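Hi everyone, thanks for coming.

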Amino acid sequence: MSKKIFSGVQPSGNLHLGNYLGAIKNFVNLQNEKNNQCVYCVVDLHAITVKQNPKELKDSIRETTAAFIASGLDYKRSIIFNQSSVPSHSEGSWILSCVARMGWLNRMTQFKEKAGKDKEKASVGLYIYPILMASDILLYDTTHVPVGEDQKQHLELTRDIAQKFNLEFNCPDFFTAPEPLIQKTFARIMSLKDGKKKMSKSDPSDLSRVNLNDSKDVIINKIKKAKTDDKSMPEDNKNLNKRPEIENLLGIYSSLADQKIEKTINEFSGKNFSEFKTKLSEMVVEKISPISTEINKLQEDKEFIDKILRDGSERANEIASKKVNELKKIVGF
Ligand code: AQP
């Protein structure tokens with residue numbers, strides 16, 4: 001069955017292994033499945049929910065686009081564009097914010113995590129961004145959304161908004177309630193410094209993540225310094241969840257090698273950590289360095305990247321503006 005796919009990545013710098021293994025790798029697989037229609041968006045409106053340097057934002061948008069292409073997305077097969085160039089996303093978001101309920105947003109755990117203790121100082125945009133995300137998804141009649149596990153709750157909110165709108169305006173088939181596509185294994189890559197925290201662009205420590213544009217030496221150094229514990233390599237997966245850092249490193253290796261974690265455990269059981277870390281570094285370098293080289297090469301040709309985005313925006317605009325016009329008619333404008 002053909003799927004309509006939509007997903008996005010924020011151009012907030014420091015794209016990392018978590019973004020790649022949790023999302024972008026999956027984007028490429030879905031694009032390569034027969035008959036899927038894929039829309040991949042550089043979600044720049046989401047990025048400004050936290051402070052961005054205006055002088056750097058444009059280059060971050062290009063960098064994320066370059067990372068999409070370098071990872072294997074094909075701009076002819078998939079629609080690749082940046083969100084702010086298609087105004088229907090913001091228009092749809094306003095209408096949907098009148099459908100969503102405060103109580104629903106108050107339950108969003110990502111806002112609580114990102115706003116931290118000083119909730120009062122967080123931007124309103126950070127609070128309501130899941131509604132913009134719902135607009136992004138619903139305007140393309142999306143059936144499936146590949147995301148990391150951290151976005152599952154926002155997807156449920158999108159479904160709630162779609163269903164409430166359809167019911168309230170008596171148009172049962174207008175919005176499609178999309179399904180999340182979350183990988184069954186390795187859906188959440190954790191920080192190299194703390195196995196209980198997810199790998200994240202905004203972590204102040206660069207040693208907590210492998211960035212997609214890290215050089216070979218930097219990758220080797222980061223893996224060397226990654227937190228482990230004083231026990232030996234595990235012999236099986238019993239109690240592995242009590243050793244989150246080890247579980248994470250084994251997971252990264254397995255995900256890059258496209259194999260089950262049990263196989264990786266067998267491969268390294270009885271060996272010492274330094275041996276495992278050497279092999280892990282080699283694996284990360286083998287898979288990530290070609291992407292990093294390609295990102296750097298693509299970024300030298302800004303005009304090429306800008307053209308990909310312009311063409312993608314035209315194609316996205318055609319779909320999204322039609323849907324938003326229908327949406328406006330339904331609410332009575
Ligand atoms: N650690 C992760 N493991 C698996 N998947 C992840 N994703 C992000 N971090 C991990 C997935 O990557 C996609 C794009 O994410 P995003 O950049 O739009 O926003 P995010 O989830 O907020 O990513 P970060 O790195 O945590 O950014 P900051 O630090 O700015 O908040 C999503 O599908 C996400 O699930």
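Helix H1 gives the largest share of the shell around the ligand, with 4 residues. Keep in mind that this is a predicted model. In total, 21 residues surround the ligand, and by class they split into 10 polar, 6 nonpolar and 5 charged.

Which residues come closest to the ligand? Those are Lys114, Asp150, Ser200, Lys201 and Ser202. Let me zoom in on a few atom pairs. Lys114 has a polar side-chain atom 2.5 Å from an oxygen atom of the ligand. Ser200 also places a polar side-chain atom 2.5 Å from a ligand oxygen. At Gly18 the backbone is involved: one of its N or O atoms lies 3.2 Å from a nitrogen atom of the ligand.

How much of the ligand does the protein cover? On its own the ligand has 650 Å² of accessible area, and the protein covers 96% of that. As for where it is, the ligand sits in the largest pocket. Two elements give two or more residues to the shell: strand S1, residues 4-9, and helix H1, residues 17-32.

What lines the largest cavity? Its lining is Asn14, Leu15, Glu63, Ala67, Leu212, Asn213 and Ile295. By class, that lining has 4 nonpolar, 2 polar and 1 charged residues.

Note on methods: Residues are numbered from 1 along each chain as its sequence is written. This is a predicted model: local features need pLDDT of at least 70, side-chain atom pairs count only at pLDDT 80 or more; totals for chains, interfaces and linings use all residues. Side-chain values use heavy atoms; hydrogens and water are left out. A residue is near a molecule or strand if one of its heavy atoms lies within 4 Å of it. A polar contact is a pair of N or O atoms within 3.5 Å; within protein, one must be able to donate a hydrogen and the other to accept it, and residues adjacent in sequence count only if both atoms are side-chain atoms. Accessible areas come from the Shrake-Rupley method with a 1.4 Å probe; for residues, only the protein chains shown count as cover. On a 1 Å grid over the protein atoms alone, a cavity is a set of points where a 1.4 Å probe fits but cannot get out, and a pocket is an open set with protein on both sides within 12 Å along at least five of seven lines; lining residues have an atom within 4 Å of a point. A molecule sits in a cavity or pocket if more than half of its atoms lie within 2 Å of its grid points. Ala, Val, Leu, Ile, Met, Phe, Trp, Tyr, Cys and Pro count as nonpolar, Asp, Glu, Lys and Arg as charged, and the others, Gly among them, as polar.
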